[in-house]
Amino acid sequence: MIEADRYWEPDVECLPRPELDALQEQKLLELLPWAYERAPLIRHAWDAAGVTPDDIDSMEAFREQVPFIDKDAMRHFRDDRGDPYGGMLAIDLSTPGVFGAIFSTSGTTGDPTLAPFAGREGPTILAREFWELGVRPGDAFVEMLFTYRGPAIHWTMRGIGATPIFVDHDPAELPRLFELSREFEPTGWYNLSGPLVIALQQLAESGIDVGKALSSYRGIVYAGEPLGPRARRLVDSWGLELFNHTGVGDVGAATECREHDGCHVWEDTALIEVLDPDGDEPVADGERGELVSTTLMNLVSPLVRYRSDDLVRFTREPCACGRTHGRVWPMGRKSDEVVVDGRSVLPIDVWPAIEDVPETAAGLFQMVRPTRELDRLRLRVGYARLEPGLRGRVEDAVEAHFGLRPEVELVEQEVLLRQGPPHKIPRVVKT
Amino acid sequence: MTARAVPVPKVWGIGLVGAEAWRVSPEDVADETESAVEHLRLLGIREGGLVLIVSRLAETIHVAPLELAAGRLDARWSSCDATEGDAFRTASLIRQLRPDAVIGITETIVGAVTADAFDDVPVIAVTDRVARDAIPTARWWLRVGPTSAFECEERNGAHYDGTRWLVEQLADELVVSNLRNRLSPARQLPTGLRGRVLDDACPCGSSWPRVEVS
């Protein structure tokens with residue numbers, strides 16, 4: 001039944017590529033004058049570049065002429081002009097009748113950036129992903145988001161006919177989740193994270209049948225940071241199907257489909273470019289580059305050519321699921337990259353090696369990055385138990401996997417867990 | 001979006017009341033929003049104003065009516081988590097947004113931000129004794145079973161909507177009962193609060209009764 005009714009919006013999700021490209025261009029050309037007229041930072045950047053909306057009459061002209069913005073530009077605009085929205089608010093949130101709320105970004109790299117919101121209750125674009133999980137009208141759906149940033153998630157759950165169950169994203173709440181799962185038999189869970197996987201593993205080791213406790217779920221969204229292969233195998237062993245989920249340059253989110261081959265970006269809502277991290281040229285389809293995003297739907301805070309600092313792989317090749325929208329694989333942040341002997345290294349590059357060592361299998365580690373260029377890769381690795389020769393075995397594993405021998409500092413994994421918000425730990429630190 | 005026609009779920013959401021899973025209907029949330037509008041007015045939220053709500057996800061059935069009420073007042077709202085890891089956000093958004101009221105401050109938040117973080121906030125509502133003692137002007141935000149009670153500027157007990165809820169003192173605990181239809185009925189539901197009910201007139205002018213917690 002789920003397979004036969006797989007798409008929430010089949011006409012859009014499976015739109016042939018030429019029509020999707022045309023739709024993007026049409027939406028883009030409609031949005032640009034709005035953004036230029038109303039968002040002060042966009043106007044500032046375009047004026048500095050000598051560009052006006054009249055100059056942009058095609059996707060080609062957009063790619064050739066429209067200037068970039070980034071988070072630093074927003075922060076400077078905020079600080080220089082006293083504009084808390086960093087020049088990106090394009091409507092008056094005090095307008096009577098507007099449901100005005102102000103959310104904020106994660107704050108991973110500084111003060112959270114304000115994300116103004118105006119809308120009305122109803123399902124968001126996430127409905128497509130929630131439907132793909134296998135959640136259907138009448139089902140219960142666990143909302144265990146690691147941070148509460150407004151009602152859009154539970155609006156969307158109700159929008160597909162499901163009832164949200166609100167649970168705190170806290171390992172201590174897992175027993176309650178088990179009770180709620182037994183009582184209401186939810187079919188979806190948004191979302192699981194690395195620390196919760198560790199806590200579930202500890203419960204499993206204490207004798208609890210995690211698979212049985214969570215047997216009602218058809219799909220579980222995983223988010224927060226990359227999912228290592230060992231963690232995925234562990235969750236698979238409980239009979240649970242995980243769907244990786246990632247943000248898309250502050251203009252949306254992307255989630256895997258049942259093919260688990262990249263996260264679908266809804267290209268009718270966002271224009272994605274993947275460029276050379278150190279330049280402006282596009283990289284080849286599927287190659288690692290910096291994600292540059294432009295919204296095609298957000299009239300409140302219309303980001304245009306936003307250099308996200310996120311390194312991704314992205315392909316527009318059609319997916320085996322039948323959807324035509326592109327797929328993204330998050331790799332890490334550009335500002336997290338270290339260069340050792342001329343080689344670029346991101347946390348994701350060494351993750352599998354650390355997971356392969358039994359004592360560090362939780363994948364809790366940090367890259368120490370005092371500067372971008374380093375003579376030697378430095379890793380701080382959390383262990384569950386300290387066995388003789390562990391440091392050498394971790395260094396061997398990383399060298400065998402990646403070809404660089406790191407300098408490893410071992411710490412108890414609890415030390416690292418305490419450093420993070422509930423859903424992740426800082427993966428790159430200065431000291 | 002080309003919306004599918006799917007039936008609206010009869011249960012709006014399932015949250016927590018005390019340690020119990022609590023189901024609320026769309027009608028319950030709409031009715032609680034009527035109360036929440038008055039609560040926000042009591043806190044000084046007006047058209048064009050801004051309230052920052054600090055809460056946990058499991059408290060959504062208490063928080064959603066406040067969010068909707070802000071919209072009804074043509075005010076804006078923002079949100080942070082009442083967790084140690086997100087406390088920096090509360091401090092940052094106070095600094096960036098200069099809200100008219102911050103509600104939901106807890107011991108955890110007070111312990112994680114600098115002492116002067118709340119100095120310029122006109123109205124602060126707290127949910128536990130440690131936070132109340134730490135912030136001299138703090139008012140109570142009490143979760144009284146499935147509903148909320150807020151103190152006015154008199155700080156002499158938290159007002160609850162007496163047209164929709166009945167709060168009584170049973171032994172040494174406050175219990176609550178619904179006076180309007182609710183999906184999950186409360187019949188002298190223990191609230192976990194110790195204190196008394198005050199029915200005398202409040203100088204603030206509100207006709208709603210108050211609970212004073214001990």
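Asn191(A) is placed in strand E6 (residues 188-192) of chain A. The peptide bond that leads from Tyr190(A) to Asn191(A) is cis, with omega near 5°.

**Confidence.** The model is predicted. Its scores are ipTM 0.96 and pTM 0.91. For chain B the average pLDDT is 95, and 99% of the residues score at least 70.

**Contact between the chains.** In the contact between the two chains, 45 residues of chain A meet 37 residues of chain B. On the side of chain A that touches chain B, the elements giving two or more residues are helix H1 (10-13), strand E2 (99-104), helix H7 (152-159), strand E5 (163-166) and helix H8 (174-184) of chain A. E2(A) gives the most to this side, with six residues. By residue class, the side of chain A that touches chain B comprises 26 nonpolar, eleven polar and eight charged residues.

**The nonpolar core.** The largest nonpolar core contains 183 residues. Ile354(A), Val51(B) and Ala125(B) have the most contacts inside this core. H2(B) gives the most to the core, with seven residues. In soluble globular proteins, nonpolar side chains tend to be buried together.

Which residues are in contact with Val51(B), leaving aside its neighbours within four places in sequence? They are Leu40(B), Ile45(B), Ala70(B), Ala75(B), Trp77(B), Pro99(B), Asp100(B), Ala101(B) and Ile103(B).

**A helix pair in chain B.** Two packed helices are described by the angle between their axes and the distance between the axes. Helix H1 (residues 26-42) of chain B and helix H2 (residues 60-72) of chain B have axes that come within 7 Å and cross at roughly 65°. The crossing of H1(B) with H2(B) is right-handed. H1(B) contributes Val29(B), Glu32(B), Thr33(B), Ala36(B), Val37(B) and Leu40(B) to the contact, while H2(B) contributes Ala64(B), Pro65(B), Leu66(B), Leu68(B), Ala69(B), Ala70(B) and Arg72(B). Of the residues in this contact of H1(B) with H2(B), ten are nonpolar, one is polar and two are charged. Leu40(B) and Ala70(B), named in this contact, are also among the residues in contact with Val51(B).

**Residues paired across the sequence.**

| Pair | Separation in sequence | C-alpha to C-alpha distance |
|---|---|---|
| Val17(B) and Arg143(B) | 126 residues | 8.4 Å |
| Pro352(A) and Val398(A) | 46 residues | 8.5 Å |
| Leu126(A) and Trp266(A) | 140 residues | 9.5 Å |

Val17(B) is located in strand E1 (residues 13-17) of chain B. Is Val17(B) buried or exposed? Val17(B) counts as buried because it has 25 C-beta neighbours inside 10 Å. Apart from neighbours within four places in sequence, Val17(B) is in contact with Trp22(B), Gly145(B) and Pro146(B).

Pro352(A) belongs to helix H12 (residues 347-355) of chain A. It counts as partly exposed, because 16 C-beta neighbours are found inside 10 Å. Not counting residues up to four places away in sequence, Pro352(A) touches Gly228(A), Pro229(A) and His401(A).

Leu126(A) occupies the loop between strand E3 (114-119) and helix H6 (127-133) of chain A. Leu126(A) is buried, because 23 other C-beta atoms are within 10 Å. Leaving aside neighbours within four places in sequence, its contacts are Thr156(A) and Ala253(A).

**Positive phi angles.** Asp341(A) is not a glycine, yet it has a positive phi of about 55°. This residue is found in the loop between strand E15 (338-340) and strand E16 (343-345) of chain A. With 12 C-beta neighbours inside 10 Å, Asp341(A) counts as exposed, since the class covers residues with 12 or fewer.

Arg155(B), which is likewise not a glycine, has a positive phi of about 55°. Its place is the loop between strand E8 (147-151) and strand E9 (158-159) of chain B. Arg155(B) is partly exposed, because it has 13 other C-beta atoms within 10 Å.

How values were computed. Residues numbered from 1 in each chain as written. Chains lettered and ligands numbered in written order. Predicted model: local features only at pLDDT ≥ 70, side-chain atom pairs only at ≥ 80, totals over all residues. Axes fitted to C-alpha atoms, helices over the stretch in contact; angles between N-to-C directions. Helix = DSSP H or I, 4+ residues; strand = E, 2+ residues; numbered from the N terminus. Left-handed = near helix turned anticlockwise from the far one by under 90°. Contact = placed C-beta atoms within 7 Å. Nonpolar A, V, L, I, M, F, W, Y, C, P; charged D, E, K, R; others polar. pLDDT = per-residue confidence, 0-100. Buried ≥ 20, exposed ≤ 12 C-beta atoms within 10 Å, placed from the backbone. Core = buried A, V, L, I, M, F, W, Y, C linked by C-beta atoms within 7 Å.
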